[in-house]
Amino acid sequence: MHFPTVKKVPHASQVRAITLAMMKLSKPRQREMFALAVQYLQRKVGPQFGGLHDFITAEPDEILTLEVKDRVLGVIAKAIREDDAAALELHE
């Protein structure tokens, strides 16, 4: 009997980290950090993403590889977890 293998998406843990970190912030701070996160990812990968959900669900290609997605989400997750807005404003 053959069981299909489940391909683990590398950035899934980053998405969980972002979600959990956001829940620990106040509602106004959540909105602020979310807006900064969107600005950050648009600077990193282009304006085609209107939000984190668009970025997370985007299919990988030559430019937006899983590694790129994981790196960008990792920076966002760390900044939110540490409540460090400057990391999203200045990180290049």
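A residue is called buried when its relative accessible area is under 20%, exposed when that area is over 50%, and partly exposed in between, using a 1.4 Å probe and protein chains only. This is a predicted model, in which local features need pLDDT of at least 70 and side-chain atom pairs count only at pLDDT 80 or more, whereas totals for chains, interfaces and linings use all residues. Residues are numbered from 1 along each chain as its sequence is written, and side-chain values use heavy atoms, with hydrogens and water left out.

Gln-14 belongs to helix α1 and counts as buried because its relative accessibility is 19%. Helices are DSSP runs of H or I with at least four residues, numbered from the N terminus. Helix α1 (residues 12-23) has 12 residues and reaches 17 Å from its first C-alpha to its last, close to the 16 Å expected at 1.5 Å a residue, where the expected span is 1.5 Å times one less than the number of residues.

The buried residues of α1 are Gln-14, Ile-18, Ala-21 and Met-22. They lie on the same side of α1 because they cover an arc of only 100° around the axis, the arc being that of the directions from the helix axis to the C-beta atoms. The face turned away from this buried side carries the exposed residues Arg-16, Leu-20 and Met-23, while the buried residues pack against α2 (27-45) and α4 (66-81).

Contact means heavy atoms within 4.5 Å, and the table leaves out residues up to four places away in sequence.

| Residue | Contacts |
|---|---|
| Gln-14 | Asp-70, Leu-73, Gly-74, Ala-77 |
| Ile-76 | Ile-18, Ala-37, Tyr-40, Leu-41, Leu-52, Leu-88 |

Notes. Helix = DSSP H or I, 4+ residues; strand = E, 2+ residues; numbered from the N terminus.
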